[in-house]
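The following exercises are intended for a reader new to this structure.

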2 protein chains.
Amino acid sequence: MSLATPVLEGNRLALARLLTQIENDTEAGRVALNELYPYTGKAHLVGVTGAPGTGKSSLVNQLARYYRHPPETETALKIGIVAVDPSSPFTGGAILGDRVRMRDLAGDPGVFIRSMASRGSLGGLATTTASIVQVMDAAGFEMILIETVGAGQAEVEIARLAHTTLVIEAPGLGDDIQAIKAGILEIADILVINKADRPGVENAERALRGNLELAHPSKRLINMYSETAHHAAPTVASQHFQGENSELIWSPPILKTIATEGVGIAEVGLEILRHYQYLVDSGELKRREKARLSAELDLLLQATLVQRWRDSIPDNRYQHVLGQIVERKLSPWQAVQRLLSQST
Amino acid sequence: MSLATPVLEGNRLALARLLTQIENDTEAGRVALNELYPYTGKAHLVGVTGAPGTGKSSLVNQLARYYRHPPETETALKIGIVAVDPSSPFTGGAILGDRVRMRDLAGDPGVFIRSMASRGSLGGLATTTASIVQVMDAAGFEMILIETVGAGQAEVEIARLAHTTLVIEAPGLGDDIQAIKAGILEIADILVINKADRPGVENAERALRGNLELAHPSKRLINMYSETAHHAAPTVASQHFQGENSELIWSPPILKTIATEGVGIAEVGLEILRHYQYLVDSGELKRREKARLSAELDLLLQATLVQRWRDSIPDNRYQHVLGQIVERKLSPWQAVQRLLSQST
């Protein structure tokens with residue numbers, strides 16, 4: 001029997017098993033994923049990223065606790081957490097995090113946590129993360145927090161899987177950090193300065209505010225869209241959504257927290273919900289959803305094309321061509337031409 | 001006329017032009033790259049990576065200056081610098097760095113600097129970096145310093161392009177940085193604690209030494225090799241190199257610097273040369289060179305396969321299938337099956 005049915009019924013063990021199937025990229029996992037896909041698209045996907053040392057994990061834990069025990073007027077949300085650690089590609093990381101969290105949120109059936117280390121290629125990691133998020137979505141988790149370490153391409157790939165992206169900073173993380181902010185700020189919907197009791201918090205806030213003006217949010221969306229522009233001209237998309245309140249503009253707020261003490265968490269929690277409302281009201285949710293799924297499709301296509309080709313070519317032919325590259329008889333480009341013309 | 005000839009003759013303007021052709025992925029660039037490839041394989045490729053705030057750029061500049069003006073008994077090396085900033089995938093980063101460096105090393109014909117921002121996919125960035133390094137190698141630069149920001153997958157991809165990898169740390173960059181170190185240490189041949197005049201340097205050194213024992217260097221090489229194991233069993237490789245001094249083992253040293261004041265630079269400079277000697281003596285250079293070229297070939301194959309497929313499929317077919325994913329009528333996996341069965 002497919003694992004999809006018990007997952008839809010809320011069976012946590014089946015959910016954990018299916019996620020393992022998906023991480024191992026099994027046929028059974030793919031079958032269940034296809035069956036679950038029609039039940040997806042309901043969860044609010046929230047990406048949380050930032051450099052090491054900013055205290056992301058504490059913040060994510062506190063946010064989960066906030067949504068599980070909200071103020072009286074609100075209803076608790078079922079929360080999924082996916083912690084992605086692309087920093088250890090060779091042996092795999094993300095081991096400790098799980099255990100620390102377990103103690104914190106253990107026993108709450110409204111919370112499900114999954115840690116992932118990088119396996120193989122980056123495309124593979126982003127693809128697997130997307131699939132894991134889909135399964136949690138189908139399983140009825142209403143908000144899924146996707147946590148990534150760092151500030152590079154990996155984080156951006158994963159940010160593209162989210163509806164709302166939080167970028168976490170902390171005071172005093174070095175002086176050339178400004179350089180990286182300009183890039184990472186482009187993906188931020190909400191900025192959080194954590195460890196706000198540390199010296200340098202005013203400087204950090206001033207620097208962020210300055211850089212924020214450079215990375216104008218409306219520009220970001222255009223750029224994000226144009227990354228998939230080989231498939232659709234941006235003009236088509238803007239026409240398509242012209243009926244919506246496209247004049248609504250989101251200005252990324254800067255919030256201060258001390259996650260370890262729970263300070264400022266409610267404000268961040270509310271801001272995330274407010275951003276979701278903005279996404280709905282402006283029609284931006286549909287646009288992001290399409291860009292998100294397009295990026296996911298591209299990643300899957302890429303992985304599948306490479307796999308198919310690898311299966312089609314004998315190993316000794318690859319080794320022979322590699323040997324000619326090492327001996328400088330063929331350039332890598334020439335080798336690609338040769339390998340691809342032989343296999344098709 | 002191909003740009004390859006003037007590049008081989010040492011024409012800097014032709015070199016700069018060719019690098020632009022390569023960044024833009026033109027046909028002329030590829031032709032020149034093929035022509036230059038037989039002249040490559042002579043340079044010592046040195047990767048320099050580390051989190052933002054560690055002062056990598058200063059260190060790279062100081063190393064370049066050291067090799068240009070070595071102690072009397074040594075001859076100056078021609079130095080290429082490739083600065084890769086994968087932090088800003090949407091608008092491109094790595095703009096300021098160049099100008100700061102220009103002032104520093106300007107007018108020295110034995111130094112050539114190229115900054116690159118991420119464009120498109122990570123695979124694309126690593127591919128372009130590899131090509132740029134090849135051109136500098138063919139152009140006669142004897143050591144090429146490849147500088148990357150961060151500590152994620154991007155850095156590791158780029159580290160695999162290098163013979164010798166330096167990982168730069170700095171004191172006081174946050175308390176959960178230990179977690180990331182375990183991963184990044186696996187790729188380190190030489191560890192540098194920069195900003196060694198700051199408080200916390202002893203703690204940083206102690207933490208590094210502890211983590212270094214976990215990330216045993218010999219294990220790393222086996223893992224690195226097994227990443228290409230779908231093409232060659234590690235046993236074949238180890239047999240192949242059995243004649244070499246395979247009992248030679250490299251223990252990554254930990255060095256302290258204050259790059260802005262030039263403190264400790266000579267020690268790092270000498271250690272890099274000592275590592276190269278180890279690579280030659282142990283036979284490890286051949287092994288890394290093969291793994292490096294295999295990784296490069298894989299990246300190029302992947303990029304080419306995806307490009308070919310995209311060119312082969314009409315845009316409206318892709319859009320139609322994407323629409324069905326958005327409406328939850330097809331899962332992304334089902335969409336891939338459909339798109340690939342139609343196109344072949």
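**Exercise 1. Two helices of chain B**

Task: In this predicted model, determine at what angle the axes of helix α4 (residues 56-68) of chain B and α12(B) cross, and describe their contact.

Solution. 
Step 1. The axes of α4(B) and α12(B) come within 10 Å and cross at roughly 75°.
Step 2. Angles of 65 to 115 degrees count as roughly perpendicular, and α4(B) is therefore roughly perpendicular to α12(B).
Step 3. On the side of α4(B), the contact involves B:Gln62, B:Leu63, B:Tyr66 and B:Tyr67; these meet B:Ile265, B:Ala266, B:Val268 and B:Gly269 in α12(B).
Step 4. Sorted by class, this contact comprises 6 nonpolar residues, 2 polar residues and no charged ones.

**Exercise 2. A residue of helix α12(B)**

Solution. 
Step 1. B:Leu270 belongs to helix α12 of chain B, which spans residues 265-282.
Step 2. Along the chain, B:Leu270 and B:Pro70 are 200 residues apart, yet a separation of 10.0 Å is found between their C-alpha atoms.

**Exercise 3. Strand β6 of chain A**

Task: Identify the strands that pair with β6(A), and state which residues of β6(A) lie on each of its faces.

Solution. 
Step 1. Strand β5 (residues 164-169) of chain A pairs with β6(A) in the parallel sense, over 4 bridges. In this pairing, A:Glu169 stands opposite A:Ile193.
Step 2. Strand β7 (residues 254-256) of chain A also runs parallel to β6(A), and 3 bridges join the two. Here A:Ile193 stands opposite A:Lys256.
Step 3. In a regular strand, side chains alternate between the two faces of the sheet.
Step 4. In β6(A), residues 190-193, one side carries A:Ile190 and A:Val192, while the other carries A:Leu191 and A:Ile193.

**Exercise 4. The largest nonpolar core**

Task: Which residues have the most contacts inside the largest nonpolar core?

Solution. 
Step 1. The largest nonpolar core has 167 residues.
Step 2. Those with the most contacts inside this core are A:Val135 and B:Val135.
Step 3. Leaving aside residues up to four places away in sequence, B:Val135 touches B:Val7, B:Leu15, B:Leu18, B:Leu19, B:Ile22, B:Leu33 and B:Leu36.

Note on methods. Residues are numbered from 1 along each chain as its sequence is written. Chains are lettered from A and ligands numbered from 1 in the order in which they are written. This is a predicted model: local features need pLDDT of at least 70, side-chain atom pairs count only at pLDDT 80 or more; totals for chains, interfaces and linings use all residues. A nonpolar core is a set of buried Ala, Val, Leu, Ile, Met, Phe, Trp, Tyr and Cys residues joined through C-beta atoms within 7 Å. A residue is buried if 20 or more other C-beta atoms lie within 10 Å of its own, exposed if 12 or fewer, and partly exposed in between; C-beta atoms are placed from the backbone. Two residues are in contact if their C-beta atoms, placed from the backbone, lie within 7 Å. Axes are lines fitted to C-alpha atoms, for helices over the stretch in contact, and angles run from 0 to 180 degrees between N-to-C directions. Angles under 35 degrees count as roughly parallel, over 145 as roughly antiparallel, 65 to 115 as roughly perpendicular and the rest as oblique. Ala, Val, Leu, Ile, Met, Phe, Trp, Tyr, Cys and Pro count as nonpolar, Asp, Glu, Lys and Arg as charged, and the others, Gly among them, as polar. Two strands pair if DSSP finds at least two bridges between them.
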